[in-house]
Amino acid sequence: MKPEITVTTGDFARLMAMIDALPSGGDCDQLLDELCRAELVDSGDVPPAVVTMNSTVRFTLGSGGEEFCMTLVYPREVSETPTVSVLSPVGTALLGLAEGSSIAWTGPNGAPLLVTVLSIVYQPERDGDCQRMAPPAGFRARW
């Protein structure tokens, strides 16, 4: 049983547009499944302890509890700074989870993976950062 997830209507719209713009055969089935089961809320109503796009999240992977702190981003925003793409298995697993929640997921190599959100270091909606809530530059462009 998967934990409940919450996604803002803005993130939902941008992610669906991104999925639609991907070339056919793009592997986004897990993300699409998560978006379809998410509770949708307006940006102003999202709980402050939920992972949204552009949130910086402290989380653990696996039973060993290796800890990471990364920002959840669109694929074109992945950089040398600690970021994770929403299209990656870990990124898709993080989207919409609340602090303290865990989800059993399939890792990049197909092995089972447990993802646990420890804390939300930064959430654009909580911090009123409208620039980070806006679509990324070139949003309508090819992803």
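Visitor: What makes β3 and β4 a pair in the antiparallel sense?

Guide: In this predicted model, strand β3 (residues 56-61) and strand β4 (residues 66-73) are joined over six bridges, in the antiparallel sense. Pairing requires at least two bridges between the strands, so β3 and β4 with their six bridges count as paired. Within this pairing, F59 stands opposite F68 in β4.

Visitor: Which residue takes a positive phi in the hairpin of β3 and β4?

Guide: That residue is G62, with a phi near 75°. The hairpin has four residues between the strands.

Visitor: How do you know that β4 also pairs with β5?

Guide: Strand β5 (residues 83-85) is joined to β4 by three bridges, and the two run parallel. The requirement is at least two bridges, and three are found, so β4 and β5 count as paired. Here V73 stands opposite S85 in β5.

Visitor: What makes β5 and β6 the edges of the sheet?

Guide: The sheet is open, has five strands in the order β5-β4-β3-β7-β6, and shows mixed pairing. Because β5 and β6 (102-106) each have a single partner strand, one side of each is left without a neighbour in the sheet. Neighbouring strands of this sheet are turned by 45° against each other on average, direction ignored.

Visitor: Which residues make the contact of α1 and α2, and of what class are they?

Guide: From α1 come F12, L15, M16, M18 and I19, and from α2 come L31, L32 and L35. By class, the contact has eight nonpolar residues, with no polar and no charged ones.

Visitor: Why is T92 called buried?

Guide: The relative accessible area of T92 is 2%. Buried means under 20%, so T92 falls in that class. T92 is placed in helix α3 (residues 89-94). Leaving aside residues up to four places away in sequence, T92 touches Q30, L31, E34, S85, V86, L87 and W105. One of these, L31, also belongs to the contact of α1 and α2, and another, S85, is the residue opposite V73.

Visitor: What is remarked about the phi of N54, and is N54 buried or exposed?

Guide: N54 has a positive phi of about 70° although it is not a glycine. Most residues other than glycine have a negative phi. N54 lies in the loop between β2 (39-41) and β3. At 3% relative accessibility, under the limit of 20%, N54 therefore counts as buried.

Visitor: What elements does the protein contain, and in what order do they run?

Guide: There are four helices and seven strands. From the N terminus on, the order is β-α-α-β-β-β-β-α-β-β-α.

How values were computed:
Residues numbered from 1 in each chain as written. Predicted model: local features only at pLDDT ≥ 70, side-chain atom pairs only at ≥ 80, totals over all residues. Heavy atoms only, no water. Buried < 20%, exposed > 50% of the residue type's maximum accessible area, 1.4 Å probe, protein only. Contact = heavy atoms within 4.5 Å. Nonpolar A, V, L, I, M, F, W, Y, C, P; charged D, E, K, R; others polar. Axes fitted to C-alpha atoms, helices over the stretch in contact; angles between N-to-C directions.
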